[in-house]
Amino acid sequence: QVQLVESGGGLVQAGGSLRLSCAASGSIFSISVMGWFRQAPGNQRELVATINKPGVPNYADSVKDRFTISRDNAKNMVYLQMNSLKPEDTAVYYCYAKIARSSSSLFRDTWGQGTQVTVSS
């Protein structure tokens, strides 16, 4: 069994900062892409940021220059530093990873349960 567990969500005022963390655990052979998605009420889940194994990031235009994604391959963790938060950043944030459980298995999409981020105006 493989699971992703997020932490670090909460309530913050506009202009503030939060740092999300996500730990992957279980039967893991290798992790390729890791990242964060978010879903606001009434909206579809959307990409926030991803990062590949060498550490090259990719950001949604709406969060560029405000959010920073990073990962620790030794610990199977991914982080999202969120600065200059806006009310429109309010959403449930989901950790994502493509994980292979053995050398012969495919990389499979894996999701965390989500953590709420609320930005008040």
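Student: Are F37 and Y96 buried or exposed?

Tutor: Both F37 and Y96 are buried. Keep in mind that we are looking at a predicted model.

Student: What makes Y96 count as buried?

Tutor: Y96 has a relative accessibility of 9%. Buried means under 20%, so Y96 counts as buried.

Student: How many aromatic pairs does a search of the whole structure find?

Tutor: The search finds three aromatic pairs. One of them is F37 with Y96, and I can show you how it gets its label.

Student: Why is the pair of F37 and Y96 called edge-to-face?

Tutor: The ring planes of F37 and Y96 are at 70 degrees, with the centres 5.6 Å apart. Centres within 6.5 Å make a pair, and planes over 60 degrees apart count as edge-to-face. The angle of 70 degrees passes that mark, so the pair is edge-to-face. F37 is in strand β4 and Y96 in strand β9, so this pair ties together parts that are 59 residues apart in sequence.

Student: And why is the pair of Y96 and W111 called tilted?

Tutor: Here the centres are 5.0 Å apart and the planes stand at 50 degrees. W111 belongs to strand β10 and Y96 to strand β9, so the pair ties together parts 15 residues apart in sequence. Ring pairs link F37, Y96 and W111 into a cluster.

Student: What makes W111 partly exposed?

Tutor: The relative accessibility of W111 is 35%.

Student: What about T110: which residues is it in contact with?

Tutor: T110 sits in strand β10. Leaving aside neighbours within four places in sequence, T110 is in contact with V2, L4, C95, Y96, A97 and I99. At 14% relative accessibility, under the 20% cut-off, T110 counts as buried.

Student: Now the charged residues. How do you know that R38 forms a salt bridge with E46?

Tutor: The closest N and O atoms of R38 and E46 are 2.7 Å apart. The cut-off is 4 Å, so this pair qualifies as a salt bridge. R38 is buried at 5% relative accessibility, whereas E46 is partly exposed at 37%.

Student: What makes K64 and D61 a salt bridge?

Tutor: Their closest N and O atoms are 3.3 Å apart, which is within 4 Å, so the pair counts. D61 has a relative accessible area of 65%, over the 50% mark, so D61 is exposed. K64, at 41%, is partly exposed.

Student: Where in the chain do D89 and R66 lie?

Tutor: D89 and R66 form a salt bridge, with closest N and O atoms 2.7 Å apart. D89 is in the loop between β8 and β9, and R66 is in the loop between β6 and β7, 23 residues apart. Both D89 and R66 are buried. Salt bridges that share partners join R38, E46, R66 and D89 into one network.

Student: Last one: why do β1 and β7 stand at the edges of their sheet?

Tutor: The open sheet has four strands in the order β1-β3-β8-β7, with antiparallel pairing. β1 and β7 each have a single partner strand, so one side of each is left without a neighbour in the sheet. Further in, β3 and β8 pair over six bridges, and L18 has M82 in β8 as its bridge partner.

Methods: Residues numbered from 1 in each chain as written. Predicted model: local features only at pLDDT ≥ 70, side-chain atom pairs only at ≥ 80, totals over all residues. Heavy atoms only, no water. Pairing = 2+ DSSP bridges. Helix = DSSP H or I, 4+ residues; strand = E, 2+ residues; numbered from the N terminus. Buried < 20%, exposed > 50% of the residue type's maximum accessible area, 1.4 Å probe, protein only. Contact = heavy atoms within 4.5 Å. Salt bridge = Lys/Arg side-chain N within 4 Å of Asp/Glu carboxyl O. Phe/Tyr/Trp six-rings, centres within 6.5 Å; stacked < 30°, edge-to-face > 60°.
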